Amino acid sequence: MNKNIQPKTVLGLFPIPIGCYAYQGDVNTLRDNVREYIKTRPYNQNNDNPNLKHYLQKGDQGDGTVNINDNFFNHFDTDLEQFFNDSAFHFHTQVLGLDIQSDYEVVDCWVNACSAGSQPFHAHVNSFISGTFYLDHDDEAAPIEFVNPKLSHQIEPAISFTPNPNNTTVFSQPTGIVKPVAGDLVLWESHIRHGYSNNKSPNRLSISMNLVPRIVFSHRYGFEVKPIKENWN
């Protein structure tokens, strides 16, 4: 084998974008209000981490009730919903460079409070863009990690090779890390797997969300998206 052979050039085509948008409002007051609110609220305990609690999450609640049409914005007077929608619209049109026929709409939004531990990698469904907004993220808080989709074959058959830890490149790195600060909104395409490891901060507090355009249209057909309003048994 000729070890001296070198490529003329290497082209980094088709990158995976992760957007980060800075909120200009009063994050500290909102953080304090959220912390006070969740003290007396039911929650879903994460299946893999007892130190991770989800509030206002759709589905079964900790007190046995079911939350369908309740959401974060019903309890807090804030301009965050418009900020989330506007940021998703920018990410869709200016970063992803995709056509669109309407504004974006938050279809799910909930609070995450983690005092220690990890959240396993996962992806979101029934949305096109997902995101996390950070209310409190100090130096000890775990950064969010994203899984390289080229290395996570979940459905289709594939030949897969283990990345060389001594020669990892931007094309073979298993995960990418983003370290946000309070007030940052991190957005990504919903199929990208994400999570975090070994959180050492008792103060990690965030809001997660799923978003879709109000109108989905492509290839001569489409549909209008409306969040479920009525309660279901």
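Modeller: Let us begin at the start of H1, where a side-chain oxygen of Asp-26 reaches to within 3.3 Å of the backbone nitrogen of Asn-28. A polar contact is a pair of N or O atoms within 3.5 Å; within protein, one must be able to donate a hydrogen and the other to accept it, and residues adjacent in sequence count only if both atoms are side-chain atoms. This is a predicted model, in which local features need pLDDT of at least 70 and side-chain atom pairs count only at pLDDT 80 or more, while totals for chains, interfaces and linings use all residues. Residues are numbered from 1 along each chain as its sequence is written, and side-chain values use heavy atoms, with hydrogens and water left out.

Colleague: What does H1 span from its first C-alpha to its last?

Modeller: Helices (H or I, at least four residues) and strands (E, at least two) are DSSP runs, numbered from the N terminus. The expected span of a helix is 1.5 Å times one less than its number of residues. Helix H1 covers residues 27-38, 12 residues in total, and reaches 16 Å, close to the 16 Å expected.

Colleague: Which residues of H1 are buried?

Modeller: Buried means under 20% relative accessible area, exposed over 50%, and partly exposed in between, with a 1.4 Å probe and protein chains only. In H1 the buried residues are Val-27, Leu-30, Val-34, Tyr-37 and Ile-38. They lie on the same side of H1 because they cover an arc of only 90° around the axis, the arc being that of the directions from the helix axis to the C-beta atoms. Their cover includes helix H2 (80-95) and strands E3 (52-55), E6 (104-114), E8 (129-136) and E13 (204-213).

Colleague: With which strands does E8 pair?

Modeller: Two strands pair if DSSP finds at least two bridges between them. E8 pairs in the antiparallel sense with E11 (residues 184-189) over 5 bridges, and with E13, also antiparallel, over 7 bridges. Thr-132 has Val-186 in E11 as its bridge partner, and Tyr-134 has Ser-206 in E13. In a regular strand the side chains alternate between the two faces of the sheet. In E8, 8 of its 8 residues are buried.

Colleague: How many residues has the largest nonpolar core?

Modeller: A nonpolar core is a set of buried Ala, Val, Leu, Ile, Met, Phe, Trp, Tyr and Cys residues joined through side-chain atoms within 4.5 Å. The largest has 33 residues, and those with the most contacts inside it are Val-34, Phe-72, Leu-80, Phe-84, Phe-133 and Leu-211. H1, H2, E6, E8, E11 and E13 each supply at least two residues of this core. A second, separate core of 6 residues includes Ile-144, Phe-146, Trp-188 and Ile-192.

Colleague: Where is Asn-46 placed, and is Asn-46 buried or exposed?

Modeller: Asn-46 is in the loop between E2 and E3, strands that a hairpin joins through 6 residues. With a relative accessible area of 11%, Asn-46 is buried. A polar atom of its side chain lies 2.9 Å from the backbone nitrogen of Asp-48, and the side chain of Asn-46 also reaches the backbone nitrogen of Asn-49 at 3.2 Å. Contact means heavy atoms within 4.5 Å. Leaving aside neighbours within four places in sequence, Asn-46 is in contact with Leu-52, His-54, Gln-119 and Pro-120.
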